[in-house]
Amino acid sequence: MEQFEDKYLDVLQNIEAGIVGVYRAHPEMTDWDALRAVEALIHTYQQKREFHPALKPLQEEVYVSVKSLCDWRLGKTELLDDKGNPMVLPVRPLERSEIIACLKRIRRSIENWNKRGGRNGYLEFVKQFIH
């Protein structure tokens, strides 16, 4: 049986890239900021409607970054290149339940690596895999 991480590796990497991109731009970011944004996204997709949680600026930046990637994976939006042109990346649109499951998996990873490595344990662990 295929493991969850194997089946959704590209989606998990997309989500982590969105998180790490903000961390690289803002080294003061903590695992808590990433966790809060991911939890807000889980809530947003579970509610099946637009939801704008009260987040601190870094959390909001992570939320917006990851949400754009999740919406793209859902087939709701296009990704744009640096010049604002749509990028053609053939991916199968996911179901909302799949995105929620991926976000929950990321949440567990943040909690796990935070316990192991402290306030930036997750961010430091995952950034080594995102280029």
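**Burial and surface.** I began with burial: 40% of the 131 residues of the chain count as buried. A reminder to myself that I am working with a predicted model. Next I looked up the accessible surface, which comes to about 7800 Å². Carbon and sulfur atoms hold 52% of that area.

**Fold.** Which elements does the chain have, helices or strands? I found six helices and zero strands. Reading along the sequence, I wrote the pattern down as α-α-α-α-α-α. The radius of gyration is 14 Å, close to the 14 Å that the globule rule gives for 131 residues, so I noted the chain as being as compact as a globular protein of that length. For the box, I took the principal axes, and the C-alpha atoms fill roughly 40 × 35 × 30 Å.

**Contacts.** I then turned to contacts between residues at least 6 apart in sequence. Of these, 65% join residues at least 24 apart.

**Charges.** How many positive and negative side chains are there? I have 20 positive and 20 negative ones in my notes. The centres of the two sets lie 5 Å apart.

**Aromatic rings.** Searching the whole structure gave me three aromatic pairs. One of them is W113 with F125, a stacked pair at 3.7 Å centre to centre, with 10° between the planes. Where do the two partners sit? W113 belongs to helix α5 (residues 96-117) and F125 to helix α6 (residues 121-127), so to speak a link between distant parts of the chain, with the partners twelve residues apart. I also checked how open both side chains are. W113 has 21% relative accessibility and therefore counts as partly exposed. F125 is at 25% relative accessibility, so it counts as partly exposed too. F125 has another partner in my notes: F129, in an edge-to-face pair at 5.1 Å centre to centre, with 65° between the planes. Put together, ring pairs link W113, F125 and F129 into a cluster.

Conventions: Residues are numbered from 1 along each chain as its sequence is written. This is a predicted model: local features need pLDDT of at least 70, side-chain atom pairs count only at pLDDT 80 or more; totals for chains, interfaces and linings use all residues. Side-chain values use heavy atoms; hydrogens and water are left out. Helices (H or I, at least four residues) and strands (E, at least two) are DSSP runs, numbered from the N terminus. The radius of gyration is taken over C-alpha atoms; the globule rule is 2.2 Å times the number of residues to the power 0.38. Buried means under 20% relative accessible area, exposed over 50%, partly exposed in between (1.4 Å probe, protein chains only). Contact means heavy atoms within 4.5 Å. Accessible areas come from the Shrake-Rupley method with a 1.4 Å probe; for residues, only the protein chains shown count as cover. Lys and Arg count as positive and Asp and Glu as negative; His and the chain ends are not counted. The place of a charge is taken as NZ of Lys, CZ of Arg, CG of Asp or CD of Glu. Rings of Phe, Tyr and Trp (its six-membered ring) pair if their centres lie within 6.5 Å; planes under 30 degrees apart count as stacked, over 60 as edge-to-face and the rest as tilted.
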